[in-house]
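Visitor: Hi! Could you walk me through this one?
Guide: Happy to, let's bring it up.
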Amino acid sequence: MKVSIIVPVYNVENYLAKCLDSLVSQTLQDIEILVINDGSKDHSGLVIDEYARKFPDKIKAFAKENGGLSDARNFGIERASGEYIGFVDSDDYVMETMFEEMLQLAEKHQAKMVICNIQKVDQDGKVTQKLTQIPNMSEKIELEDHFSVFSDLSYFACNKLFKKELFDHTRFKKGIHFEDIQLIPQLLLECKTLAQTQNFHYQYLERTDSITKTHTEKGLDILKAVREVEQVFEGSGYSHKRKELKNFQIFEGVYSFLAYLAFVKDNETFYKMDAELAIFMNERKIKIRDILNYNRFGKNYLLSLPLKKKIFYLLFFAGQKKLIRKLL
């Protein structure tokens, strides 16, 4: 088997069929689709059973007690037989040529990780936002020569194809939020060559029926994830790339953390998390000017943000925390 696609499922009965339709329709025939029912309480299990009966040569159905996204992905990794592994969230869907093209790129360039672009879509299939992952770079990317990718890349698991051997000694960490930030950079550090397609293969569904997520102290897991990546970085073959490490700390440890903090409503939690960020920045000698001058893909990141985010960040860096709390 060439490619194993792992689909964790939890209470997505209204979206799962579209996801699975997009996978069984892949132009790449040499695939297996591991659908992991992670203790769903709705009728997701019935949908899985139906597709497993219709497509017994492609779909492998599993059911387990609820353990969360990381646990379900790890469950799938341990049962995957493909040379390469992909992950698809069960309320999203993909274009039919996604895995054929990404496998071709992996084999053509001997790349252990292949990346495609993402576009956000609404429930009518209308594109609401295009997320280009690595602009202005070639199909083949040698990391030693273009290590800025380490700090610029968005660390989603779902828009990538991985050589299975990358998971020989590591897994998604259970019981945490932001597991992608914790693991995917570590996998990248095991690579010498990346490959990419500029096609927008992955369709990320913006659901209207989603319950608004409560933003809590769990956001501190972002800083914990960055710390774990730092440890692996120091033992990697790229440990001399100090500028890129600092940019990674700024992008994931500061900007990503602030993007979460902006939605924390509880005052006590907000200020506690703010204090943890101050410690994080102080330990790494990250100054405000470093953050304001951070460039992503050759452009000033702060200036490229939407106005609302830009105002939030500028007020935050100016120390106007009380004003921010009033605006929120």
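Visitor: How are H8 and H11 placed relative to each other?
Guide: They are roughly perpendicular (65 to 115 degrees), because their axes cross at roughly 105° and come within 11 Å. H8 covers residues 242-261 and H11 residues 307-317. Axes here are lines fitted to C-alpha atoms over the stretch in contact, with angles from 0 to 180 degrees between N-to-C directions. Helices (H or I, at least four residues) and strands (E, at least two) are DSSP runs, numbered from the N terminus.
Visitor: Which residues make the contact?
Guide: Val254, Tyr255, Leu258, Ala259 and Leu261 of H8 meet Phe312, Tyr313, Phe316 and Phe317 of H11, with contact meaning heavy atoms within 4.5 Å.
Visitor: Before we move on, what should I know about the model?
Guide: The model is predicted: local features need pLDDT of at least 70, side-chain atom pairs count only at pLDDT 80 or more, and totals for chains, interfaces and linings use all residues. Residues are numbered from 1 along each chain as its sequence is written, and side-chain values use heavy atoms, leaving out hydrogens and water.
Visitor: Thanks. What's the strand order in the open sheet?
Guide: The eight strands run S3-S2-S1-S4-S10-S6-S11-S9, with mixed pairing; two strands pair if DSSP finds at least two bridges between them.
Visitor: And which strands are at the edges?
Guide: S3 (59-64) and S9 (140-142), each pairing on one side only.
Visitor: Do S1 and S4 run parallel or antiparallel?
Guide: Parallel, with four bridges joining S1 (residues 3-9) to S4 (residues 84-87). In S4, Phe87 is the bridge partner of Ile6.

Conventions
Angles under 35 degrees count as roughly parallel, over 145 as roughly antiparallel, 65 to 115 as roughly perpendicular and the rest as oblique.
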